Amino acid sequence: MEFYRSHVLVCGGTPCVLGGCKAVRDALIGEIHRQGLSREIKVVETGCLGPCDLGPVIVVYPEGTFYGPVKVEDVPLIVEEHLLKGRVVDRLIARERPAEKEIVKYEAPSYLGPQKRIVLRNCGLIDPESVEEYIGRDGYAALGRCLSQMKPGEVIDLVKRSGLVGRGGAAFPTGLKWEFTAKADADQKYILCNADEGEPGTFKDRLILEGDPHSIIEGMAIAGYAVGADKGFVYIRGEYVISIERMQKAIDQARRLGLLGENIFGSGFGFDIEIRKGAGAYVCGEETALIESIEGGRGEPRIKPPYPGTHGLWGKPTVVNNVETLANIPPIILNGPEWFRGFGTERCPGTKVFTLTGDINNKGLIEVPMGITLRQVIYEIGGGIPGGREFKMAQTGGTSGGCLPRELLDVPMDYFSLAEAGSALGSGALLIMDDSHCIVDIARCFMKFFRHESCGKCTPCREGTDRLYEIMDMVSSGRGRAQDIDLMTELAQVMQRASLCGLGQAAPVPVLTMLKYFRDEFEAHIADRTCPTGTCGL
Amino acid sequence: MKSLEELERIKKEAQAMTKLREDKENTKIVVGMGTCGIAAGARETLAAIMDELAKRNLQDVVVTQTGCVGLCEQEPIVDIVKPGKPKVTYGRVTGERARQIIASHVVNDRVVGEWVIATG
């Protein structure tokens, strides 16, 4: 067995890769070798550790010292001082803003604050390319238990009782979804993992796939057993190069250990997974468009009903689950539905993973219990707004999510409470904006995105996004008319009701919430031809 | 994968490998790695410790280093800290002495009195 006195974990999530962690890792390996420490110290590339804006970050065990941002030039010092001589390099320790508080130990409660890691239980703690490390942290134990001790109906019942709802944005109860497919009579059924994370600003599924790919495989295999499917596809965005690489490696390892393939755990149940790469169309994150794309067709949504649960991939009953939903499955099986209900709210148990971006001190990947308030996330975890500015707006769930003003800072963040507040939790981005941003300008940018991404199949979405953009462009350039606010509202409502799929139904959400909460800014642009923030060029 | 037992076996092996990343009360061996320690041969001592731990498959032991404690003439200095017990500091620990300390103190709980330079 390999025995090392120290492990150096290098964050290998995409944000850190962009920050240059590969060069840091290579420098570490080179420098450790040069100092003759190769047999004593192991360098492990891991998934996202969380504080992405401090990247590249590394953690040195057994001390758990958290360094970041680490540059290649810093490596010789860390190796000589810390790894050879045992002296922590204070200057390079990662510090949370704004208090410049040291992040001493990665798992320390003082760092995690109100966070709770269920989905990210392994992310940043294991080598995602090692199935053994996943197994070491109870990996595949849930699958083993399902196959050897539970009937498919019992698995579905357990997931139903947990209260888990889909984390892709629609919040449909996962157990119920599985039950529809389980009850459908067919010679072939499929499990699809929707990893076509297209919302601008959202990268949580990407980091889950990069940090813990085996949890997705295990979740899919359990779903397959529950509904009677022996084949699964992971549909990943083509741009997610690292996610695809690690997922493929994980699938290969699982096959090698017989965790995928025929007769898993000697139960007679067989399951296998293949990756399908998306070509970058936003609409392919919509489940029926995703299915069309896997079948080789053009990425356009289908008319529902029938739903994929009974008529999905190649017309067969198909479960489509989001990455984060699937990652929740193994711990729910192992710890039970009551355990899961201990987190979050009554109607929305569990946690939610967010990517925290925008005008906030500590950007990165977080996981919080459902029902936490926006205020807690921004001020307790995010460290507040930088540069002495004021909070203006937060958008939850990517570009198609709702915009929350200051008045809603204390609304519990779960799917239902936010829907009641006229907003939506959406998928997983949390974009924070300070008071220097012009709402009209932002609304225009959002609509420009949807105009580009609308697939054009149905009229309300194709024409609606185009006209909404036109009107917003007029308003933002000082050519708005008094009736434009009512016109935009009406157009947005028509789109919500008449569009074929989630794209056209959700595109008006940011517009409607902005018109509702920041109406005075639109009015100022129209009536006074001025921008109250003075930043949009009007 | 044939059975839950097989999974359990892989799990145990993997846990042994990643144990040092967990925040647990383990026996700690601290080697003085200041310039003085290194000059006196602390690198060889550390290598011997690593080798001995691997040979004996002692997974509950964490090895760390520290800087100069001001007793340069006693280097290489090694501390053994067992959970719930006072620290024992050994001086002039060669590789060979280190192996004996592991056998006697770490494994069998018998402090090697003649090489101890401080306790507590």
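The questions and answers below walk through some features of this predicted model.

Reader: Happy to start; how are residues, chains and ligands numbered or lettered, and which pLDDT do local features need?
Author: Residues are numbered from 1 along each chain as its sequence is written, while chains are lettered from A and ligands numbered from 1 in the order in which they are written. Side-chain values use heavy atoms, leaving out hydrogens and water, totals for chains, interfaces and linings use all residues, side-chain atom pairs count only at pLDDT 80 or more, and local features need pLDDT of at least 70.

Reader: Which domains does the assignment give for chain A, and how far apart do the C-alpha centres of domain 1 and domain 4 of chain A lie?
Author: Domain bounds here come from an automatic or database domain assignment. For chain A that assignment gives domain 1 (6–106), domain 2 (131–340), domain 3 (351–434) and domain 4 (439–528). Between domain 1 of chain A and domain 4 of chain A, the C-alpha centres are separated by 46 Å.

Reader: How many disulfides are there over all chains?
Author: A disulfide is counted when two cysteine sulfur atoms lie within 2.5 Å. The sulfur of C52(A) has its closest cysteine sulfur in C48(A), 3.8 Å away, which is too far for a bond. C36(B) is in no disulfide either, with the sulfur of C68(B) nearest at 3.7 Å. Over all chains, the number of disulfides is zero.

Reader: Is C52(A) buried or exposed?
Author: Buried means under 20% relative accessible area, exposed means over 50%, and partly exposed is in between (1.4 Å probe, protein chains only). C52(A) has a relative accessible area of 15%, so C52(A) is buried.

Reader: Where do D441(A) and R444(A) lie?
Author: Helices (H or I, at least four residues) and strands (E, at least two) are DSSP runs, numbered from the N terminus. The side chains of D441(A) and R444(A) form a salt bridge of 3.2 Å, N to O. D441(A) is partly exposed at 23% relative accessibility, whereas R444(A) is buried at 19%. The two residues are three apart, about one helical turn, in helix α17 (residues 439–453) of chain A.

Reader: What is the order of the open sheet of four strands in chain A, and which are its edge strands?
Author: Two strands pair if DSSP finds at least two bridges between them. In chain A the order of this open sheet is β9-β8-β7-β10, with parallel pairing. Each edge strand pairs on one side only, and these are β9 (272–278) and β10 (318–322) of chain A.

Reader: Which residue of β9(A) is the bridge partner of Y235(A)?
Author: Strand β8 (residues 231–237) of chain A runs parallel to β9(A), joined by seven bridges. The partner in question also forms a salt bridge with E274(A), the closest N and O atoms being 3.0 Å apart. In β9(A), Y235(A) is bridged to R276(A).

Notes: A salt bridge is a side-chain nitrogen of Lys or Arg within 4 Å of a carboxyl oxygen of Asp or Glu.
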